[in-house]
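Have a go at each task before you peek at the solution.

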Amino acid sequence: MLKIFVTGDNHFGKKYDNYPNIKNELINSRFDCLKDMVRKAEAEACEFFIITGDLFDKTYNIKVEDVKQVVNILAGFSEKVLILPGNHDYYSGNDKVWKDFESALSKRENNITLLKEFKEYLFESEDGKIAIYPAFCQSQHSNENNLNWIKSQNIQKTGAINIGIAHGAIRGITPDKKGEYFLMSESELASIPVDVWLIGHTHIPYPGTLKENEDTVGYKIFNAGTHEQTDLHNNTEGNGFIISIEKKGSEAKVYARKCVSGKIRFYDLYVSVKPENEMALSNALKTILSDKDKKHSVIRLNIKGTIKQDEYLRKGMIYKELLEGFLSYGIVDNELSEEITIERIRSEFAETSFAALFMEQLIDNPIELQMAYQLIQNCRHN
């Protein structure tokens, strides 16, 4: 049985300038996760370590030291490493990142193959012949995918394990409204007689039902997603896939399970609060943060609703108390307001005054009510 470790969308060279205080930790963690995946692939006796595109974040402006570090990690794998250029690190033949990569390769022994030609790549393994059909990217955007050359091949269902590797959006799975990311469909992929498809581009794993400690059968198309979550826009734990292929004659049975590889998680959390008691905000934040690993979590809290006056005045202290110790955090609370009741309005303003009557009209719109209340208070004090 052939066993493969699959990863992609690793984006080495990502700068994390939006997180200046922790950028080095975020950058280094991506390297640590790659090392862990290589160790996992060794422990699982995988014969191939396959990267399905976007190993690097760009084709330029990537530190040579970072390229060398990636090469050193991958070259440490005792079996074969296959790398497909994606749309971020596309291969056009004159790309600095790949020149630096191949220069680093030339300086050490390695089993690394850069899949930079539209051709059948053949390998021998204990399971017999392995045929690789790559659909790599030659540009960042394209209205057409690169599957046509594979469709034109006379792929034999017997005599080899046939593996297709492509980078691009999958219709209905990856957002691509303009069709500019090498868009493919599942039916198009299924029409090509390979035994398995390994896809890159989508940062969220597909299928999303794979388990860690149990193989799943019944799938032919796999997208492992990113090995370490890149930002707040995708909520994934960071995964690699372990794919096993058992082939008898023309029939291949494919087994798959996920390997959780990520260390740092980004959480974009939404909290809605009501002024039910004096600790409504504190309790809501404690609940939503309770299962988060402080040391490895980047948090953005989006808070809306209404809380009592005392807690509203202390909200800055509450944030600091509950979020201190997290790797990084941010607060968006422009839709959070303090409770202003009719009783409070009437206790502070003459009941028949314009201010009181005006604010009472806004009682069902707490944000607007608070703005009006603060504006009137400012006028009174000036």
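**Exercise 1. Is Ser282 buried or exposed, and what does Ser282 touch?**

Step 1. Keep in mind that we're working with a predicted model. Look up the relative accessible area of Ser282: the value is 8%.

Step 2. Buried means under 20%, so Ser282 with its 8% counts as buried.

Step 3. Find the place in the fold: Ser282 sits in helix α6.

Step 4. Now list the contacts, skipping residues up to four places away in sequence. That leaves Glu311, Ile318 and Leu322.

Step 5. Glu311 is 29 residues along the chain from Ser282, and their C-alpha atoms are 8.4 Å apart.

**Exercise 2. Which residues of helix α6 are buried, and what covers them?**

Step 1. Go through residues 280-289, which make up helix α6. The buried ones are Ala280, Leu281, Ser282, Ala284, Leu285 and Leu289.

Step 2. Look at what lies against them. The cover includes the strands β13 (265-273), β14 (297-307) and β15 (328-338). Helices α7 (309-313) and α8 (315-323) also belong to the cover.

**Exercise 3. Work out where Leu55 is and which residues are in contact with Leu55.**

Step 3. Leave out neighbours within four places in sequence and collect the contacts. You get Asn10, His11, Phe12, Val70, Leu74, Ile83, Asp89 and Phe101.

Step 4. Leu55 and Pro85 are 30 residues apart along the chain, yet their C-alpha atoms are separated by 7.4 Å.

**Exercise 4. How many aromatic pairs are there, and why is the pair of Phe56 and Trp98 edge-to-face?**

Step 1. Search the whole structure: you find 13 aromatic pairs.

Step 2. For Phe56 and Trp98, the ring centres are 5.6 Å apart and the planes meet at 75°, so the pair is edge-to-face. The cut-off you need here is an angle over 60 degrees.

Step 3. Ask what the pair joins. Phe56 is in the loop between β2 (48-51) and α2 (64-75), while Trp98 is in helix α3 (residues 96-106), so the pair ties together parts 42 residues apart in sequence.

Step 4. Check the burial: both Phe56 and Trp98 are buried.

Step 5. Follow Trp98 to another ring. Trp98 and Phe101 are also an edge-to-face pair, with 5.3 Å from centre to centre and 80° between the planes.

Step 6. These two are three residues apart in helix α3, so about one helical turn separates Trp98 from Phe101. Trp98 counts as buried because its relative accessibility is 1%, and Phe101 is buried too, at 0%.

Step 7. Finish with a cluster elsewhere: ring pairs link Phe118, Tyr133, Phe136 and Trp149.

**Exercise 5. Which rings have Lys80 and the charged end of Lys119 over them?**

Step 1. Start at Lys80, which lies over the face of Phe48, 5.5 Å from the ring centre.

Step 2. Move to Lys119. Its charged end is over the ring of Tyr121, at 4.9 Å from the centre.

**Exercise 6. Describe the largest pocket by its space and its lining.**

Step 1. Take the space first: about 320 Å³.

Step 2. Count the lining: 16 residues. Nearest the centre of the pocket are Thr174, Pro175, His201, Thr202 and His203.

Step 3. Sort the lining by type.

**Exercise 7. Describe the backbone at Asp9, Ala45 and Pro207.**

Step 1. Asp9 isn't a glycine, but its phi is positive, about 55°. Asp9 is in the loop between β1 (2-7) and α1 (23-43), and is buried because its relative accessibility is 1%.

Step 2. Ala45 also has a positive phi, near 60°. You'll find Ala45 in the loop between α1 and β2, and its relative accessible area of 57% makes it exposed.

Step 3. Tyr206 and Pro207 are joined by a cis peptide bond, with omega about -5°. Pro207 belongs to the loop between β8 (196-200) and β9 (216-217).

Key: Residues are numbered from 1 along each chain as its sequence is written. This is a predicted model: local features need pLDDT of at least 70, side-chain atom pairs count only at pLDDT 80 or more; totals for chains, interfaces and linings use all residues. Side-chain values use heavy atoms; hydrogens and water are left out. Buried means under 20% relative accessible area, exposed over 50%, partly exposed in between (1.4 Å probe, protein chains only). Helices (H or I, at least four residues) and strands (E, at least two) are DSSP runs, numbered from the N terminus. Contact means heavy atoms within 4.5 Å. Rings of Phe, Tyr and Trp (its six-membered ring) pair if their centres lie within 6.5 Å; planes under 30 degrees apart count as stacked, over 60 as edge-to-face and the rest as tilted. A charge sits over a ring if NZ of Lys or CZ of Arg is within 6 Å of the ring centre and within 35 degrees of the ring normal. On a 1 Å grid over the protein atoms alone, a cavity is a set of points where a 1.4 Å probe fits but cannot get out, and a pocket is an open set with protein on both sides within 12 Å along at least five of seven lines; lining residues have an atom within 4 Å of a point. Grid points are joined across faces, edges and corners, and a volume is the space filled by probe spheres set on the points.
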